Amino acid sequence: ALQYRIGQLYMISKHSHEQSDRGEGVEVVQNEPFEDPNHGNGQLTEKRVYLNSKLPSWARAVVPKIFYVTEKAWNYYPYTITEYTCSFLPKFSIHIETKYEDNKGSNDSIFDKEAKDLEREVCFIDIASDEIPERYYKESEDPKYFKSQKTGRGQLKEGWRETHQPIMCSYKLVTVKFEVWGLQTRVEQFVHKVVRDILLIGHRQAFAWVDEWYDMTMDEVREFERATQEATNKKIGIFPPAISISNISMPSSTRSAPSSAPSTPLSTDAPDFLTVPKDRPRKKSAPETLTLPDPSK
């Protein structure tokens, strides 16, 4: 389990750096130890993901050119909570709960308590056999061909999960909400596919980069994480803002997450540029609702 944790932290930092470029990428806002009354010691991270060019064409048509997705993660390994919200869509959110167990994905009831009232579709991800988008494929990161020099692991053939040791499973409960009539189904389906692709690609990379992180301690991977995040912020043109320090103490409620699954506050009001001025006269002929055409039809 410790090996997986180090490999995951290494992969996230390296992957974020590789995928970042001027004006686009992953900005780390905060990354610090955190203590929760129920879950104990953990790590709180907040990131901003700038990814306009990675959106499908139908989404770019309705999205401002400059926008970002905020990722907040509370990591109480082997349990983590991750939430995503969007800078200009108050009704959009992704909530992911993760649990890790040393098995091959055989625990069918791991989230029964959390999801008893929800409809669920179970999706198995196989890092060796599942197809990934062609633009992300690298033979050096293909578990079917990669062979680790340090561990001897690799070249995962069909049915590897039945025989491979050591093995563990990352279980994720993903909830997507986009409460905008006319776009809800399409956006939610698209986001589920994106989340699946990211998880598949990231875990393939963590496996294929094992010789880079296998000998690292937790302290060493945290230092790698810090240095890489600093370099990534500079790469996309994000520089730390000036911070003024006040002697006034903050209320305790602002320093601790709720004991249950934390929730990123979402504003119910649209930003100024989406708000119709109150004093603007409304045309009597204006429709009450607007339905966007479905380009697939």
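Visitor: How many Å³ of space lie in the second largest cavity?

Guide: In this predicted model, the second largest cavity holds about 40 Å³ of space. Its lining consists of Ile132, Tyr136, Tyr137, Lys138, Glu141, Ile201, Arg204 and Gln205. By class, that lining has four nonpolar, one polar and three charged residues.

Visitor: Which residues line the largest cavity?

Guide: They are Ile12, Ser13, Ser16, His17, Val26, Val28, Lys47, Thr228, Gln229 and Thr232. Two or more lining residues come from each of helix 1 (2–18), strand 1 (25–36) and helix 6 (218–235). Helix 1 gives the largest share, four residues. The lining divides into three nonpolar, six polar and one charged.

Visitor: At what angle do helix 1 and helix 6 pack?

Guide: The angle is about 15°, and the axes are 9 Å apart. Because angles under 35 degrees count as roughly parallel, helix 1 is roughly parallel to helix 6. The crossing of helix 1 past helix 6 is left-handed.

Visitor: Which residues of helix 1 and helix 6 meet?

Guide: On the helix 1 side they include Leu2, Ile6, Leu9, Ser13 and His17; on the helix 6 side, Met218, Val221, Phe224, Thr228 and Thr232 are among them. By class, this contact of helix 1 with helix 6 has eight nonpolar, six polar and six charged residues.

Key
Residues are numbered from 1 along each chain as its sequence is written. This is a predicted model: local features need pLDDT of at least 70, side-chain atom pairs count only at pLDDT 80 or more; totals for chains, interfaces and linings use all residues. Side-chain values use heavy atoms; hydrogens and water are left out. On a 1 Å grid over the protein atoms alone, a cavity is a set of points where a 1.4 Å probe fits but cannot get out, and a pocket is an open set with protein on both sides within 12 Å along at least five of seven lines; lining residues have an atom within 4 Å of a point. Ala, Val, Leu, Ile, Met, Phe, Trp, Tyr, Cys and Pro count as nonpolar, Asp, Glu, Lys and Arg as charged, and the others, Gly among them, as polar. Grid points are joined across faces, edges and corners, and a volume is the space filled by probe spheres set on the points. Axes are lines fitted to C-alpha atoms, for helices over the stretch in contact, and angles run from 0 to 180 degrees between N-to-C directions. Angles under 35 degrees count as roughly parallel, over 145 as roughly antiparallel, 65 to 115 as roughly perpendicular and the rest as oblique. A crossing is left-handed if the near helix is turned anticlockwise from the far one by less than a right angle, and right-handed if clockwise. Contact means heavy atoms within 4.5 Å.
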